[in-house]
Amino acid sequence: MSQVAIIVNGKARKADVEPRMLLVHVLREQFNLTGTHLGCDTSQCGACTVLVDGRSAKSCTIFAVQADGSEVTTIEGLATDGQLHPLQKGFWDAHGLQCGYCTPGMIMSAVTLLRDTPDPTEAQIREGIAGNLCRCTGYQHIVDAIQLAAGRR
Amino acid sequence: MYASNFNYLRAGTLAEASALLQKNPGAKVLAGGHSLIPLMKLRLASPTVVIDIGRVPELRGISLSGGALTIGALTTHAELAASAAVQDAAQALSEAAGHVGDPAVRNRGTIGGNVAHADPASDLPAVLTALGATFHITGPGGRRSVQASDFFKGMMNTAVGEHDILTTIEVPARAAGQGSAYAKFEHPASRYAVVGVAACVIVNGGTCVAASIVLCGLTSTPARAKSGEQALVGQALTRETIAAAAGKVGTDLGSDVLGDIFASAEYRAAVAPVYVRRAVEAAASRAR
């Protein structure tokens, strides 16, 4: 077992983990942050996307021991003082989700996109979420949601 | 799926990483983890010891001096794609790095891990071969340098030995009149290359004086399209001469083309000339 210390959504957390334990499992099973979803488990679908040290990363492809000493932000860490993050509000208002399984990952990828490209074109949005698969929406409302959020910031 | 259990060791310096590697036979080196972790989860690799070099400071960074771009093995694809120095000195590398996987993969995956893994469908091995890169390796016998043509030995097999660490990759900076590009037909989910083509040309007085064309996704190691290259040298690079050179790629690939459930060997071979043409046209348009 190894001990890891990770700052999760601004709070210092510790966990004893086997080195093979993935970051997504520590977040969900040890820290009870089940907003981060495990989808394909093969780094393709993006449902497990979180921010590691401020940038989007697929938490199914990171051993928790690698994140020791890092700052991790999950979907639970976006809202402040009970106010939804602009992207969460955008997904709500533009109907950016149906079943919701991909939504946390979509939003975390969009956070990184809007940090790098505050006023993205439609093509840039589609590239920004290229690593996130949605089986419900056909993506159009997700693109609209991110555009809406970008305009409101 | 869970990987097999392993001991995790984190190296703080290159010397420490090398020492740990000598002491632990069969250990695997972990950088960004975007090639090794998927293999471990599929149990295609089950090392008993994993040595994490992800925080070794001397393996980071990009510098341009003496006519060469020196890239630390831990440089991520996102860092490569965002670098103005890479964009100017190695256009095809900049372009390819920006199309590896997806943005989240590019934030973690590293150039060193990518080439040491040497997936036949990976973009960067073809690009680095086309640009004439040199790979610097530290091992039990000290440091050594390997040319791209000798680096990729077979499917997922490189000149990096069991006790070696790939430290830096050196790419000659763009010469006068040189342009390079990377074009790929990607798998829609993994974004690995079904067919990827890196092209680099040097144009002098309207005539192509040097050309390299290297394909990935088709064969077990990056494939040089020698007949295509020869067909370009001595020509003005027009739509017609480029199309003629692209048409020769089938001869260069021969019968070694691989197929899989997504795209058969015949399909890949049929698509290849289209992407050769696109890559060479883009490289020619950037030659300055």
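Analyst: Asp68(A) has a relative accessible area of 18%, which is under the 20% limit, and therefore counts as buried. In this predicted model, Asp68(A) sits in the loop between β4 (55-58) and β5 (71-73) of chain A. Its side chain makes a polar contact, at 3.5 Å, with the side chain of Arg10(B). Apart from neighbours within four places in sequence, Asp68(A) is in contact with Gln3(A), Val4(A), Ala5(A) and Ile6(A), and with Arg10(B) and Arg55(B).

Chain B is divided into domain 1 (7-52), domain 2 (57-172) and domain 3 (178-287). The C-alpha centres of domain 2 and domain 3 of chain B are 20 Å apart, and their contact takes 25 residues from each of the two. Between them, these domains bury about 1900 Å², with 57% of that area on carbon and sulfur atoms. On the side of domain 2 of chain B, Gln91(B), Glu95(B) and Ala130(B) lose the most area to domain 3, together 25% of what that side buries.

The polar part of this interface comprises two salt bridges and 11 residue pairs in polar contact, both residues of each pair being at pLDDT 80 or more. Within chain B, the elements α5 (91-97), α8 and β8 (152-154) each give two or more residues to the side of domain 2 that touches domain 3. The most comes from α8(B), with six residues. A salt bridge also joins the side chains of Asp123(B) and Lys184(B), at 3.2 Å from N to O.

The largest nonpolar core has 37 residues, of which Leu93(B), Leu128(B), Phe135(B) and Val171(B) touch the most other members. Its largest share, five residues, is supplied by helix α8 (residues 123-130) of chain B. Domain 2 and domain 3 of chain B each contribute at least three residues to this core. Beyond residues up to four places away in sequence, Leu93(B) touches Ile71(B), Leu80(B), Val86(B), Leu124(B), Val127(B), Leu128(B), Leu131(B) and Val171(B). A second, separate core of 33 residues includes Leu27(A) and Phe31(A) together with Ala3(B) and Ala45(B).

Thr167(B) belongs to strand β10 (residues 165-172) of chain B and, at 4% relative accessibility, counts as buried. Its C-alpha atom is separated by 8.2 Å from that of Leu74(B), 93 residues apart along the chain. Leaving aside neighbours within four places in sequence, the contacts of Thr167(B) include Leu14(B), Leu59(B), Ile71(B) and His136(B).

How values were computed
Residues numbered from 1 in each chain as written. Chains lettered and ligands numbered in written order. Predicted model: local features only at pLDDT ≥ 70, side-chain atom pairs only at ≥ 80, totals over all residues. Heavy atoms only, no water. Core = buried A, V, L, I, M, F, W, Y, C linked by side-chain atoms within 4.5 Å. Buried < 20%, exposed > 50% of the residue type's maximum accessible area, 1.4 Å probe, protein only. Helix = DSSP H or I, 4+ residues; strand = E, 2+ residues; numbered from the N terminus. Domains from an automatic or database assignment. Contact = heavy atoms within 4.5 Å. Polar contact = N/O pair within 3.5 Å; in protein donor to acceptor, adjacent residues only side chain to side chain. Buried area = accessible area lost by both parts, 1.4 Å probe. Salt bridge = Lys/Arg side-chain N within 4 Å of Asp/Glu carboxyl O.
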